[in-house]
Amino acid sequence: MTSNVTGAAPGSIRRGLAIGCGGTLGFAWTVAALAAVQEALDWDPREATALIGTSAGAEFVTMLASGVSVADMIAMQLGDPTARPELRKHLRSAPGRIPPLPRLGIGNPRLALQRDLPILSRLSGIAPVGGGDQTWLTELADALTRGDAWLPHPHAYLAAMDYRTGGRVAFGSPGAPKATPAQALRASWAIPGWFPPVTINGTRYVDGGASSTASVDLLLPLELDEIIVLAPMASRDLRPGRGAARVERAALRSPMSQGLDREIEVVRRAGTTVLRIDATDQDLAVMGANFMDNRRRLATFESSLRTTRASVARELKLSPLQTPEVTR
């Protein structure tokens, strides 16, 4: 199929794609998940009516909305020398598995006192100010958009968290603060404690995953018929694990999974069919406790190639999607 990132495809099915956070390993997992979805549905994800991405998911939205194909992403993951040069550079420049030394001070301790916020949002407020460099994200966005004011797709959203209030912002959506693709991508990826908050028009933003792993419900105003959710930090097969994995699952994956459960229930009650693909226990065993551990990247990709095909087939039996061409 060919990309149609600016026009409307014929037909009547409005299908959205929500891609969640996940760091280096979540990114590798999602490449394979996108391939499984594309194969099973005979559908190019670039043709989605709407795209929303959080953190690593925001990388995918930036790519898909700019015309990058799933085949391009697979070639990047495999280190294919014929892969697009900007993608090969992006993979080489990704951060390592150990966070850099933080800066002095903590993010926003007031968030920790706001009991109406998700637990991860509150904890993000007491994280130290990260010392990481996000140049690799700026370079990707600039290379793909060539200075455009926004992504060349009518509904491409990048989710971040307002660090003043803990509220979610979907950059690119109606009424959202104005930002360049590079600014929004950095904000969506600003993991508290790892990268510093990103200031846009005087407001600081951090990783959207601090508020929601995929922000599926932010697509509700578009009244979509279907939403495909790819969520590598969530799992319905979540077991306690051992050692560091036990801590990581309890502190991150469990609240993210529960939050995603609630969002999907809201979306389904609104009449939208949801196809949810998340990490299996086999995937989690391969990933380990550190979602930034690039030593496990290829193994995670290979695991996802196996598990997500089975997951897509199973979920399609439970929540069949419509088959006509998707429209924007």
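The largest cavity is lined by G23, T24, F27, E59, M76, Q77, H90, L91, A94, W136, W189 and R297. It holds about 110 Å³ of space. The model described here is predicted: local features need pLDDT of at least 70 and side-chain atom pairs pLDDT 80 or more, while totals for chains, interfaces and linings use all residues. Residues are numbered from 1 along each chain as its sequence is written, and side-chain values use heavy atoms, leaving out hydrogens and water.

A cavity is a set of points on a 1 Å grid over the protein atoms alone where a 1.4 Å probe fits but cannot get out; a pocket is an open set with protein on both sides within 12 Å along at least five of seven lines, and lining residues have an atom within 4 Å of a point. Grid points are joined across faces, edges and corners, and the volume is the space filled by probe spheres set on them.

The structure holds two cavities of 30 Å³ or more. In the largest cavity, α1, α3 (70-77) and α4 (85-92) each supply at least two lining residues, and α1 gives the most, with three. Helices (H or I, at least four residues) and strands (E, at least two) are DSSP runs numbered from the N terminus.

The largest pocket has a volume of about 500 Å³. Its lining counts 23 residues, of which L120, I191, P192, L252 and F291 lie nearest the centre. The elements that give two or more residues to this lining are α5 and α8 (243-269).

Helix α5 (residues 119-124) also contains I119. I119 is partly exposed, with a relative accessible area of 42%; buried means under 20%, exposed over 50%, and partly exposed in between (1.4 Å probe, protein chains only). Together, I106, I119, L123 and I126 make a nonpolar surface patch of about 340 Å². Patch residues have over 30% relative accessible area and no salt bridge, with like charges joined within 9 Å and nonpolar side chains (Val, Leu, Ile, Met, Phe, Trp, Tyr) within 5 Å. Areas come from the Shrake-Rupley method with a 1.4 Å probe.

The structure holds 20 salt bridges, each a side-chain nitrogen of Lys or Arg within 4 Å of a carboxyl oxygen of Asp or Glu. Three of them are listed here.

| Salt bridge | Closest N to O distance |
|---|---|
| R236 and E315 | 3.6 Å |
| E315 and R314 | 3.2 Å |

R236 and E315 form a salt bridge between distant parts of the chain: R236 is in the loop between β7 (226-231) and α8, E315 is in helix α10 (residues 297-318), and 79 residues separate them. R236 is partly exposed at 42% relative accessible area, whereas E315 is buried at 4%.

D281 counts as buried at 17% relative accessibility, and R239 is partly exposed at 48%.

E315 also has R314 as a salt-bridge partner, and R314 is partly exposed, with a relative accessible area of 41%. Shared partners join R236, D261, R276, D278, R314 and E315 into one network of salt bridges.
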